[in-house]
Amino acid sequence: MKQLTGLDASFLYAETPNAPMHISGLSIYDQSTAPGGKVRFKEIIRNTNNRLMGLPVMTQKLLKVPLNFDHPYWVTDGAYDPEFHIRHIALPKPGDWRQLCIVISRLHARQLDRAHPLWELYIIEGLDNVEGVPKGSFAMFSKTHHAAIDGTSGMELTAATHDLTPDYTAAPKTKTISVDTEPSSIELMLRAQLNNIRKPFHFVSVARNTMPGMAKAVAGLSRGQLSRVRNVPRTRFNRTVSPHRVFNAMSVALDDVKKIKNSVAGATVNDAAIAIVGGALRKYLQFHDELPAHSLAAMAPINIRSDKDTSGGNIVATMTVQVRSDVADPLERLQAVHDSSSKAKELTNAIGAKAMTDYTQFIPSMLTAQAARLASRWGLANHMNPSFNCVITNVPGPPIPLYHTGAKMVANFGTGPVQDGVGLFHVIGSYCGQFTISATSCRVMMPDPDFYRQCLQDSFDELLAAANSTVKATAAKSKKATSTKPKPKPKPKPKPKRAAQA
């Protein structure tokens, strides 16, 4: 039995009927590579179950402390049923991308059942008319509560269920799940009292370790050496969300994204992704006559997990970066994004990314859960100034092919939770030379997800064209400089020596 950290528990407290707090992954597989050219659903259940059964996040469920006096616990009761969690559906004909996006949107909108381990896996057949995907492929859509994993630990689960070759061998059955002795309500209350007694002493220790960084950041802000994002405008994405979701995604060559980032000195692939999103949001809001004068801002999670952190859960900090939707020129926008992200990193480094998460241990569980419900009921997001307009998280995938039960993964996307005040979530990913941007939003806020996908594609195309023009201009300038360079004068030939006279 293990107690949730304050950060993990915060995702439980923030969850409302309109805002489920799980993260999801969508992978598409070509089953022609599997033994016999076909994968049976029964075999997927057996292989997945045998590989995941040994991971605590897959077999543990929540145990609440009475009256929410403390953060809940993860407990294993031995009632794990793989056929409850792994489900089988199919798209109607013709089985195209739009139909798949609609199904993903509906599945993602449903809350996970807290009476069971907080994950579900859907096998979706019938992908016969998806562009770029072999006919007969199937999709796998996984949902896991954000209280249990973050993006990085989610990739570790992906690694546990996949092979590096199509030579599939059934995973051996793991040992029997060890069952926890579930404490009584009185014991849980006693534990809560002891934890609450210890918290002030722990707070003093955390404050002592973090105050130097905080003081450094405050001094830097007052002197103008550091800066934070201000004047975040209110947009359609900063209202209360409905219970309905939309999903769409685009995929391009990773080499083209690298070409874009190389066009600005010091820029990163993440900067290029933010610039693409900034251009897309500019186009989308401009079309709806809602483009604000100030730049939109995004919350960007930062992975602070070390090699020693193997317990799953969330080990992340956050920073706020401007997407520079106020800049029309694509390369000027990329430069502005690079400058903004550099300033955001300087502020985060001054405070200390790990220090930001330490204070989540002191979240008052009972008050936080109640406050989240009241904020949703009263629609406070409609009246508060936003700190950011959307989320952009980068979860890099492997550069080599992966196989599940012998079937080759051909594409990989992600979805994230949207909530009151933050109704748009982007997942940046990569896999086998492909770069993807997936967008999840509230259906009321974004009734036209296909158009937003086109905005993402147009923004990328403009950046790539500008980057290519810069490369050509630089090459032409270099060639011209070489051709106009004065040729060196030929050295005079040495005069022949006269023969000596006799």
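Modeller: Let us open with burial: a residue is buried when its relative accessible area is under 20%, exposed when that area is over 50%, and partly exposed in between, using a 1.4 Å probe on protein chains only. This is a predicted model, in which local features need pLDDT of at least 70 and side-chain atom pairs count only at pLDDT 80 or more, while totals for chains, interfaces and linings use all residues. Residues are numbered from 1 along each chain as its sequence is written, and side-chain values use heavy atoms, with hydrogens and water left out.

Colleague: Is S459 buried or exposed?

Modeller: S459 has a relative accessible area of 1%, so S459 counts as buried. For the whole protein, 49% of the 502 residues count as buried.

Colleague: In which helix does S459 lie?

Modeller: Helices are DSSP runs of H or I with at least four residues, strands are runs of E with at least two, and both are numbered from the N terminus. S459 lies in helix α13. The protein has 13 helices and 15 strands in total.

Colleague: Which residues does S459 touch, not counting residues up to four places away in sequence?

Modeller: Contact means heavy atoms within 4.5 Å. With that sequence exclusion, S459 touches A275, I276, G279, A280, K283 and R333. The side chain of S459 reaches the backbone oxygen of I276 at 2.8 Å.

Colleague: How many residues apart in sequence are S459 and L281, and how many Å apart in space?

Modeller: S459 and L281 are 178 residues apart in sequence, and their C-alpha atoms are 9.1 Å apart in space. Across the protein, of the contacts between residues at least 6 apart in sequence, 81% join residues at least 24 apart.

Colleague: Which residues touch the most other members of the largest nonpolar core?

Modeller: A nonpolar core is a set of buried Ala, Val, Leu, Ile, Met, Phe, Trp, Tyr and Cys residues joined through side-chain atoms within 4.5 Å. The largest one has 46 residues, and L281, F435 and Y452 touch the most other members. Elements giving two or more residues to this core include β8 (245–253), β11 (390–396), β14, β15 (434–442) and α13 (449–483). The most comes from α9, with ten residues. Leaving out residues up to four places away in sequence, L281 touches F237, L296, V323, C390, L424 and Y452. Another core, of 37 residues, lies apart from this one, and L52, M58, W74 and I177 are among its members.

Colleague: What joins the side chains of H426 and Y452?

Modeller: A polar contact of 2.7 Å joins them. H426 is placed in strand β14 and counts as buried because its relative accessibility is 0%. Beyond its neighbours within four places in sequence, H426 is in contact with residues including V277, C390, I392, I437 and Y452.

Colleague: What is the place of S430?

Modeller: S430 is also a residue of strand β14, which spans residues 424–431. S430 has a relative accessible area of 18%, so S430 is buried. Leaving aside neighbours within four places in sequence, its contacts are V395, P396, G397, P398, F435 and T436.

Colleague: Which loop holds C432, and what is phi of C432 near?

Modeller: C432 is in the loop between β14 and β15. Its phi is near 50°, a positive value in a residue other than glycine. C432 is partly exposed because its relative accessible area is 30%. T405 likewise has a positive phi, of about 50°, and is not a glycine. T405 is in the loop between β12 (403–404) and β13 (407–415), and with a relative accessible area of 3% T405 is buried.

Colleague: Which peptide bond is cis?

Modeller: The bond from K93 to P94 is cis, with omega near 10°. P94 lies in the loop between β5 (86–90) and α5 (97–109).

Colleague: Which residues line the largest cavity?

Modeller: On a 1 Å grid over the protein atoms alone, a cavity is a set of points where a 1.4 Å probe fits but cannot get out, and lining residues have an atom within 4 Å of a point. The lining consists of P20, H108, A109, R245, G416, P417 and V418.

Note on methods:
Polar contact = N/O pair within 3.5 Å; in protein donor to acceptor, adjacent residues only side chain to side chain. 1 Å grid on protein atoms, 1.4 Å probe; cavity = no way out; pocket = protein on both sides within 12 Å on 5 of 7 lines; lining within 4 Å.
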